[in-house]
Amino acid sequence: MVDLIKETEELILGHDGANGFVEISALKSDYESYLNMSFDELEELTRDECIRIQYVLTQYAIFTNKRLNALKVKLKINTTLFGRALMEVYHSYNEFMGRELIIASATREHEYLKNMQDEIIKLEGVVGSLDGLVERVDRMTQVIKDLSFTKAKAY
């Protein structure tokens, strides 16, 4: 299980390096303060500050999207591996129990299946918590862009 995940991560890193993709880190910026600005703070921004904020928020969106995609890949791999492992014991259960009960029984009886399912549940939680975040950051970036146009007209 771990081998496939590790091999995939190495493949992605190798692909990124071979194609000239650079590591983008939003951790060096002050994106959090921009995402939490009050309306009064927005009104005080200059046009140049708006442009800087657009850059920082776009960088954060790219960073977040890349991390989210990596989590989705890991979730897909874990789900596939869980399905493979489950099939090894699936037919030892009465098929009339239904898929959900068979999975529940198998994860209760087999610790390794329970651990795999727990990992999937955790990954689904993280991916779910990030659902739509990139789109919301993009929307915030658009608001700042619109604000920069109004600042340009004020000059």
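Contact is defined here as heavy atoms within 4.5 Å. The model is predicted, so local features need pLDDT of at least 70 and side-chain atom pairs count only at pLDDT 80 or more, while totals for chains, interfaces and linings use all residues. Residues are numbered from 1 along each chain as its sequence is written, and side-chain values use heavy atoms, with hydrogens and water left out.

Mean pLDDT (the predictor's confidence in each residue, from 0 to 100) is 86 for the protein. A value of 70 or more is reached by 85% of residues. Confidence is lowest in helix H1 (residues 2-18), with a mean of 67. It is highest in H6, at 95. Helices are DSSP runs of H or I, at least four residues long, numbered from the N terminus. Where pLDDT is low, the predicted coordinates should not be read in detail.

The largest nonpolar core contains 19 residues. Such a core is a set of buried (under 20% relative accessible area, 1.4 Å probe, protein chains only) Ala, Val, Leu, Ile, Met, Phe, Trp, Tyr and Cys residues joined through side-chain atoms within 4.5 Å. Phe82, Leu86, Val89, Ala106, Leu113 and Met116 have the most contacts inside it. Helix H4 (47-90), H5 and H6 each supply at least two of its residues. H4 gives the most, with nine. Beyond its neighbours within four places in sequence, Val89 touches Ala106, His110, Tyr112 and Leu113. A second, separate core has 15 residues, among them Leu42, Phe63, Val137 and Ile144.

Ile103, Ala106, Thr107 and Glu109 of H5 meet Glu111, Leu113, Lys114 and Gln117 of H6.

Conventions:
Buried means under 20% relative accessible area, exposed over 50%, partly exposed in between (1.4 Å probe, protein chains only).
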